[in-house]
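These are my notebook entries on one structure. I set down what I looked up, first within one chain and then across a contact between two others.

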Amino acid sequence: MSRKVRIAQLSCGPEYSGVQKEIYDAAESVGAEVFFPDIMLADVERAVEGFGLDVRSADLKLMIARGMALVDGKVDADGVFIGTCFRCAEAAIVRNELRRYIPEHSKLPVVSYSFTERTTAGTLLTRMEALTTIARRRALLAREEQSGITMGVDSGSSTTKAVVMKITRSSAPDGTRRPR
Amino acid sequence: MTEYVPGYVGTVTKYVFVESPHMTPGELALRAYEVSFGVLIKETCFGLQVTGEPEAVDSLIAEIRSFDPNHIFIKDRGFPPGDPRRCRANLGGARPGYLGHEREFRLLHYITHGLKALEQGGEMPETAPSPGKKPGLDIRRLQELIDEES
Amino acid sequence: MAKVFIYPATSLILSDLVARFGHKPLGAALGIRERIQTAGIDSPPLQITPEEPKRGLKYAAVEVPSGVRGRMAIYGPLIEEAEAAVIVTEADLAFGCMGCARTDELILFSLRQSGIPILELKYPTNDEEGVQFVAAIKKFLDNLSNGGEA
């Protein structure tokens, strides 16, 4: 049996919304385990200054600190799940900034979701599956340069979108090849 | 949906923090074991966790406080000791509340100082460290500064 | 003995001082303990099920985030039960049960609307403020025992 994919959870509020079990169940059903990055109070204080986003909620500061610990390599993970409450503006800002920050500064795949008390494991399943697939098949899926035919799939809660790209010969003056 | 069957029903759990030059958490644990009488004691890096029937825990806490009243601090805990839902080994990292304890631990020696002052008696200050706003600059002083600059 | 709501509700210092001076601190741990020791549907880690944010509708409207309503389901009953409150207003790093600034604001508002005696102060940053802090809380709690307001 292959080892479980380790997913770092950066979140604010799932325990109090009653959805933490749904996150655990969704992860387990795709052969992953969720954990919380281990950091100290001094890491939170450094992160608040270093990241530059001065939020009021302490649990959001904790999220930022955990995200920075992942990027700095202090904590090992195969993927990152970012989750905050739907309708919380402060949380949405942090969630989006972390979603941008982590892939920019590391090779960790990231999935993010804003939950309500009605969120179920089924809702999270496609996201967890996408995350674990990228983590397991990283070598196959990661391409620095487009070549051949490539398809990208975005499986969302209501629609699934796909982009197919094929390298073509280009008439560009410098002879570069561009995807079509 | 899985059914939840609770454990330790009817018990209370309390944290015992010790921040003392005279007593380590290990020493505190040894002294607590001597007077525990059926209360479960778990040693931690910062002191103890005690779990048992409310009356037994209250009785033990009163004894523990007497060991070093100004350096021992007690707080309720919702979970019994070693619960996997809160254990660092299971979660992968410290639960969020632990960081809050780290924060307050840095302030305990100020509280100890206050408790010692209270114990010694004498005149106690009337004012509390107030969260109120700092007063603004007086308008006449502002005018003076403007005149100096111009 | 009065029931005193402590803010932050996870504070070790406030919980200890209120209990030490003979009153009952109402903190987050009491609400969590009640849920941990009640049978129902498994909902780790805190046994807060998706029903709790619905109970929190009593204190916050449906458009308020679910995490706020879930936390208010714990704090609302404690605030209703409280006969007094001790508030540290500049508690910057209180995590977990006090980790949501929106919930914290709503708790403070609810306490101030309730009409109960309230002591507001800030954490001490030196020994002198530590003495003031302890003295202020002792004086406030003694006044409760004597039946007066702070």
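I began with the secondary structure of chain A and counted 7 helices and 6 strands. The model is a predicted one. Following chain A along its sequence, I read the pattern β-α-α-β-α-α-β-α-β-α-α-β-β.

I then looked up burial and contact range. Of the 180 residues in chain A, 41% are buried. Among the contacts in chain A with a separation of 6 or more, 64% join residues 24 or more positions apart.

Next I traced the sheet. Chain A holds an open sheet of 4 strands in the order E2-E1-E3-E4, and the pairing is parallel. I noted that strand E2 (32–35) and strand E4 (110–115) of chain A each have a single partner strand; they therefore stand at the edges, and one side of each is left without a neighbour in the sheet. With direction ignored, neighbouring strands of this sheet are turned against each other by 25 degrees on average.

I examined one pairing of the sheet in detail. Strand E3 (residues 79–85) of chain A runs parallel to E4(A), and 6 bridges join the two. Within this pairing, A:Val80 stands opposite A:Val110 of E4(A). I also recorded that helix H5 (residues 89–105) of chain A packs on the sheet, where it touches strand E1 (5–12), E3 and E4 of chain A. The direction of H5(A) makes about 170 degrees with that of E3(A).

I turned to the contact between chains B and C. Chain B contributes 41 residues and chain C contributes 46 residues. On the side of chain B that touches chain C, the elements giving two or more residues are strand E1 (3–4), strand E5 (72–77), helix H4 (96–105) and helix H5 (108–120) of chain B. I sorted the residues of that side into 23 nonpolar, 9 polar and 9 charged.

I looked for strand pairing across this contact. E1(B) pairs with strand E3 (residues 40–41) of chain C in the antiparallel sense, over 2 bridges. The bridge partner of B:Glu3 in E3(C) is C:Ile41.

Last, I checked a helix pair. The axes of H5(B) and helix H6 (residues 127–145) of chain C come within 7 Å and cross at roughly 60 degrees. Residues making the contact include B:Tyr110, B:Ile111, B:Leu115 and B:Leu118 of H5(B), and C:Val131, C:Phe133, C:Val134 and C:Lys138 of H6(C). The residues of the contact of H5(B) with H6(C) divide into 9 nonpolar, 3 polar and 3 charged.

Key:
Residues are numbered from 1 along each chain as its sequence is written. Chains are lettered from A and ligands numbered from 1 in the order in which they are written. This is a predicted model: local features need pLDDT of at least 70, side-chain atom pairs count only at pLDDT 80 or more; totals for chains, interfaces and linings use all residues. Two residues are in contact if their C-beta atoms, placed from the backbone, lie within 7 Å. Ala, Val, Leu, Ile, Met, Phe, Trp, Tyr, Cys and Pro count as nonpolar, Asp, Glu, Lys and Arg as charged, and the others, Gly among them, as polar. Two strands pair if DSSP finds at least two bridges between them. Axes are lines fitted to C-alpha atoms, for helices over the stretch in contact, and angles run from 0 to 180 degrees between N-to-C directions. A residue is buried if 20 or more other C-beta atoms lie within 10 Å of its own, exposed if 12 or fewer, and partly exposed in between; C-beta atoms are placed from the backbone.
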